[in-house]
Amino acid sequence: MNAPNETVTKALQSTLVELIDLALVGKQAHWSVVGPQFRSIHLELDEIVDLARDQYDRVAERLATIGVAPDGRAETVSTTSELQPVPPGFVAATDTVQRVTQVMDTIAVRMKERIIAVGDDDPVSQDILIGAMDELEKAAWMLRSQLTM
């Protein structure tokens with residue numbers, strides 16, 4: 001096996017960390033959301049957590065496939081993720097939706113940059129990133145739609 005491409009490795013590892021953090025943000029938001037539309041937002045946050053877990057598993061397995069040990073340890077996530085955490089305490093449903101979709105939008109922007117960076121170096125890894133971004137953008141749109149008329 002050839003040595004892993006550094007650009008691909010960094011793109012996948014950064015995505016892994018952010019998706020793990022998204023799952024944590026989503027679960028904390030799920031536990032602390034209150035107010036109107038509580039139930040639908042509460043349930044949708046669990047769907048986002050499931051999506052993040054499915055996608056970070058695909059990314060981690062791709063890292064392993066190309067010969068890189070994925071690093072999803074709590075210490076790695078807490079020291080390398082730059083995503084905004086959920087504030088402590090209960091959070092109003094509208095604020096929860098805004099905060100979580102902002103996190104998802106941030107990840108999507110970074111993933112677009114990584115997709116471009118990976119380019120033709122590794123079309124399989126690029127495809128995994130494209131698929132994850134597609135799912136992420138769709139979930140953000142659906143969550144955001146909870147509050148629009």
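Is Lys112 buried or partly exposed? In this predicted model, Lys112 is partly exposed, because its relative accessible area is 41%, which falls between the limits of 20% for buried and 50% for exposed residues. The side chain of Lys112 takes part in a salt bridge with Glu137, where the closest N and O atoms are 3.4 Å apart. Since Lys112 belongs to helix 4 and Glu137 to helix 5, the pair ties together parts that are 25 residues apart in sequence. Glu137 is likewise partly exposed, with a relative accessible area of 33%.

The whole structure contains 9 salt bridges, including one between Arg62 and Asp122, with 2.8 Å between the closest N and O atoms. Here helix 2 supplies Arg62 and the loop between helix 4 and helix 5 supplies Asp122, so this pair joins parts that are 60 residues apart in sequence. Arg62 is buried, at 13% relative accessible area, and Asp122 is buried as well, at 9%.

A further salt bridge brings together the side chains of Glu18 and Arg110, at 2.7 Å from N to O. This pair links distant parts of the chain, with Glu18 in helix 1 and Arg110 in helix 4, 92 residues apart. Glu18 counts as buried because its relative accessible area is 6%, whereas Arg110 is partly exposed at 22%. Both residues belong to a network of salt bridges that also includes Glu82 and Arg114.

Helix 1, helix 3 (74-80) and helix 4 each give two or more residues to the lining, and the largest share, 4 residues, comes from helix 1. By class, the lining has 5 polar, 4 charged and 1 nonpolar residues.

The interior can be considered next. Nonpolar side chains tend to be buried together in soluble globular proteins. In this model, the largest nonpolar core holds 44 residues, among which Leu22, Leu45, Met104 and Leu136 touch the most other members. Helix 1 (6-32), helix 2 (38-65), helix 4 (93-118) and helix 5 (123-144) are the elements that give two or more residues to this core. Setting aside residues up to four places away in sequence, Leu22 touches Ile48, Ala52, Leu83, Val103, Met104, Ile107 and Leu136.

There is 1 cavity of 30 Å³ or more, and the largest cavity holds about 40 Å³ of space. Its lining consists of Val25, Ala29, Val86, Val91, Thr96, Arg99 and Val100. Helix 1 and helix 4 are the elements that give two or more residues to this lining, and helix 4 gives the most, with 3 residues. By class, the residues lining the largest cavity divide into 5 nonpolar, 1 polar and 1 charged.

One point of backbone geometry remains. Most residues other than glycine have a negative phi. Gln37, although not a glycine, has a positive phi of about 65 degrees. Gln37 is placed in the loop between strand 1 (33-34) and helix 2, and counts as partly exposed because its relative accessibility is 37%.

Note on methods. Residues numbered from 1 in each chain as written. Predicted model: local features only at pLDDT ≥ 70, side-chain atom pairs only at ≥ 80, totals over all residues. Heavy atoms only, no water. Core = buried A, V, L, I, M, F, W, Y, C linked by side-chain atoms within 4.5 Å. Buried < 20%, exposed > 50% of the residue type's maximum accessible area, 1.4 Å probe, protein only. Contact = heavy atoms within 4.5 Å. Nonpolar A, V, L, I, M, F, W, Y, C, P; charged D, E, K, R; others polar. 1 Å grid on protein atoms, 1.4 Å probe; cavity = no way out; pocket = protein on both sides within 12 Å on 5 of 7 lines; lining within 4 Å. Points joined across faces, edges and corners; volume = space filled by probe spheres on them. Salt bridge = Lys/Arg side-chain N within 4 Å of Asp/Glu carboxyl O.
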